[in-house]
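Open the model in your viewer and keep the selection panel at hand.

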Amino acid sequence: MVATAVWRPDIKELARVEGRERPVESGHRLCAGCGAGIIIRQIAMAARKPLVWVNATGCVEVATTIFPYTSWNVPWAHNAFENAAAVGSGVEAARKKLARSNRFSDDPDVELDYDVIVLGGDGGTYDIGLQSISGAFERRHKILYVLYDNEAYMNTGIQRSGGTPFGARTTTTPVGKVIKGKPLFKKPIMDIMVAHGIPYAATVSPAYWNDALVKFRRGFEADGPAFIHAFSTCPLGWGSAPEDTVKIMKLAVETCVFPLYEVVDGEYRLTGPSVSIAKNPDRKKPVEEYLKLQGRFRHMFKPENKWMIDKFQEWVDKQWEVLLKRAGY
Amino acid sequence: MSTPMVGWKDLPMAAIPFLSAREYPTGEWAVFQPKIDESKCVRCGLCWMYCPDSVYRWDGEGVPVPDLDHCKGCGICATECPTKAIEMVRV
């Protein structure tokens, strides 16, 4: 169940609040043009209560807390890949216990009314951390799990993960005579999470910031575990120009490679530009526009590899059809 | 030979990093940094919204001001500016 009153983010008010509080400080060492930097800022903007931030190992974790510097002005905990959601559920359970025991009820320094946010990359969510997320969701802990998906293990040197798309070049799926990038497709992580019967799940592209902020807020407001799949461009691993980060995020939605939707109590609903594409299929762009901005797909544009683009397009079309059917179009 | 073991009660509570990242000037990485043409700026705030490094300072009214000590020069703001008021200039 999600609160019915929809929060309308006002960019001017958000800017004033960030000017005062700055939960995420500049000076972190994410690459220039990193999409995750935008995502962590937007999560902090959408917060309605004080946050406790639990971070799985990943680019954000290593880049924001390089000794002796930290970018965080919110309580923040570092975890291994596999236990981020478990730590998040522990924080949430401890808060419930403390609130019930009234031990700190007359202590003005102790705030027990907070939201728990768990942030993981695609390695920590698709592959290594899947069991702890599954456990936390099964136990119905009230946490918001945000997956920032840059589609490979970027921090350790661009190894393929369960989130790497078909045909992408990584250091463990190189392009050669026999193997041409990753031969397999992305794991359907949203379907896996929705199958847990959680009250709220959504996909987010930070380029559509209004849509993204509303979804993060609804994730915080959800009555139980919430899962948000955020799309994060990685200029280093994808071989894209740093200034094209937001452009690629937009194109991913416009080509339906990464459609925007939310699942409230099992009910699918398209949001943002995906609605207009569903109503008006001419607006759907061919995947080439998305692929050509990224060096990791460069081999697909050779004439002998044309079949790869066709296969990619076919997969995107199929996923989109399934989603349209679920959303009732 | 052996040093006495430190008990868990004697260890610090948590968190080792203690300096704010603000003190680390990532602006040194930049080759190009933004310069805003104030006459073209329509105060939409998209540069502020899309900056991965929270470099822009914006009060919601005037022209956003980039903090060049931390700007890594990615150029997202210049690409996304609807009126092309931002130009990336070599530092």
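**A pair of helices in chain A**

This is a predicted model. Start by selecting residues 84–101 of chain A, which form helix α4, together with residues 130–138 of chain A, which form helix α6; their axes come within 7 Å and cross at roughly 30°. Angles under 35 degrees count as roughly parallel, and α4(A) and α6(A) are therefore roughly parallel to each other.

Now show the side chains where the two helices meet. On α4(A), pick A84(A), A85(A), A86(A), G88(A) and S89(A); on α6(A), their counterparts are S132(A), I133(A), G135(A) and A136(A). Colour this contact by residue type and you get five nonpolar residues, four polar and no charged.

**The nonpolar core**

Which residues touch the most other members of the largest nonpolar core? Select I117(A), V118(A), Y145(A), V146(A), A201(A) and I228(A); the core they belong to has 111 residues. In soluble globular proteins, nonpolar side chains tend to be buried together.

Stay with I228(A) and display its surroundings. Leaving aside residues up to four places away in sequence, I228(A) touches L144(A), V146(A), A202(A), V204(A), K215(A), F216(A) and G219(A).

**Chain A as a whole**

Zoom out and switch to a cartoon of chain A, where 13 helices and nine strands can be picked out. The C-alpha atoms fill a box of roughly 70 × 45 × 40 Å along the principal axes. The radius of gyration of chain A is 20 Å, which agrees with the value near 20 Å that a compact globule of 329 residues would have. Of those 329 residues, 52% count as buried. Among contacts in chain A with a separation of 6 or more, 70% are between residues 24 or more positions apart.

**Where chain B touches chain A**

Finally, bring chain B into view and select the residues in contact between the chains: 33 on chain B and 34 on chain A. On the chain B side, look at β1 (19–20), α1 (46–50) and α2 (76–80), each of which supplies at least two residues. What is the largest share of this side, and where does it come from? It is four residues, from α2(B). Colouring the chain B side by type gives 16 nonpolar, nine polar and eight charged residues.

Technical notes
Residues are numbered from 1 along each chain as its sequence is written. Chains are lettered from A and ligands numbered from 1 in the order in which they are written. This is a predicted model: local features need pLDDT of at least 70, side-chain atom pairs count only at pLDDT 80 or more; totals for chains, interfaces and linings use all residues. The radius of gyration is taken over C-alpha atoms; the globule rule is 2.2 Å times the number of residues to the power 0.38. A residue is buried if 20 or more other C-beta atoms lie within 10 Å of its own, exposed if 12 or fewer, and partly exposed in between; C-beta atoms are placed from the backbone. Two residues are in contact if their C-beta atoms, placed from the backbone, lie within 7 Å. A nonpolar core is a set of buried Ala, Val, Leu, Ile, Met, Phe, Trp, Tyr and Cys residues joined through C-beta atoms within 7 Å. Axes are lines fitted to C-alpha atoms, for helices over the stretch in contact, and angles run from 0 to 180 degrees between N-to-C directions. Angles under 35 degrees count as roughly parallel, over 145 as roughly antiparallel, 65 to 115 as roughly perpendicular and the rest as oblique. Ala, Val, Leu, Ile, Met, Phe, Trp, Tyr, Cys and Pro count as nonpolar, Asp, Glu, Lys and Arg as charged, and the others, Gly among them, as polar.
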